[in-house]
Amino acid sequence: MLVTEIFRSIQGESSYAGLPCIFVRLTGCNLRCRWCDTAYAFYGGTKMEMEQVLSHVNELAGSTGALVELTGGEPLLQPECAPLAGRLLAAGHTVMIETSGERMVSVLPREVVKIVDVKCPDSGEGGTFRLENLEALDRKDEVKFVISSRKDYEFARDFTVEHKLAQRVGHVLFSPVAADPCGSWQGLEAQQLAEWILADRLPVRMGMQMHKFIWDPATRGV
Ligand code: SF4
């Protein structure tokens, strides 16, 4: 499989935010979100056997089971992703995945915690979410919207209500787009998003990409 990086950091973008986590960032993505902050994972990568990935993760984990996140890029583009998740579970790790929602998550073992994006219109990749994915999610899973505008917010709000997401999954996450440190795109003010959520009394959890507050927002591998 092609791997961009494997590292230990603080989980920053879900209800697990704040917990130490080992990230396996797989290479490649078939989408091109306007505000993507991991474009460096689109190309390149190091070819690794699954055993090498497992041993690197186990080395970082030490003697106990760890929280391990499969991410990208889009991790589900690589056919070895699901078997890798199974092997990590068998090794005693808690396994989560962050995926764009454009690939079927049902290929993964049920026990994997799925953090599934629904792309909003101003990402440039709206309409890519596969609605069948909703059937594969349960209360341990999370649906995430990354929001850059009022238009995105209204899309996320209406999707949440229409598909009864708050009853279907454990957490519905609304995150403001963080501004690009190099100025390529603007962010959405967190306070603005908070006020919209409160005004509509939405049963969602606001997310703030914790790692971007801990480290410089341009830092990779955190
Ligand atoms: S799906 Fe994720 S990795 Fe792919 S372009 Fe969008 S934000 Fe970037």
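So, the sheet: 9 strands form an open sheet with mixed pairing, in the order β3-β1-β2-β4-β5-β6-β7-β8-β9. Strands here are DSSP runs of E with at least two residues, helices are runs of H or I with at least four, and both are numbered from the N terminus; two strands pair if DSSP finds at least two bridges between them. At the edges stand β3 (46-47) and β9 (205-206), each with a single partner strand, so one side of each has no neighbour in the sheet.

This is a predicted model, so local features need pLDDT of at least 70 and side-chain atom pairs count only at pLDDT 80 or more, while totals for chains, interfaces and linings use all residues. Residues are numbered from 1 along each chain as its sequence is written, and side-chain values use heavy atoms, leaving out hydrogens and water.

Look at β1 (residues 2-10) and β2 (residues 20-26): they run antiparallel, joined by 7 bridges. Ser9 stands opposite Cys21 in β2.

Now the helices. α3 (residues 150-162) packs on the sheet, touching β7 (142-147) and β8 (171-176) (contact means heavy atoms within 4.5 Å), and its direction makes about 160° with that of β7. Angles run from 0 to 180 degrees between N-to-C directions, with axes fitted to C-alpha atoms, for helices over the stretch in contact.

What surrounds the ligand? Cys29, Leu31, Arg32, Cys33, Trp35, Cys36, Thr38, Phe42, Gly73, Ser100 and Lys119 do, where near means a heavy atom within 4 Å.

One of those, Gly73, is joined to Gly72 by a cis peptide bond, omega about 10°. Gly73 lies in the loop between β4 and α2 (81-90).
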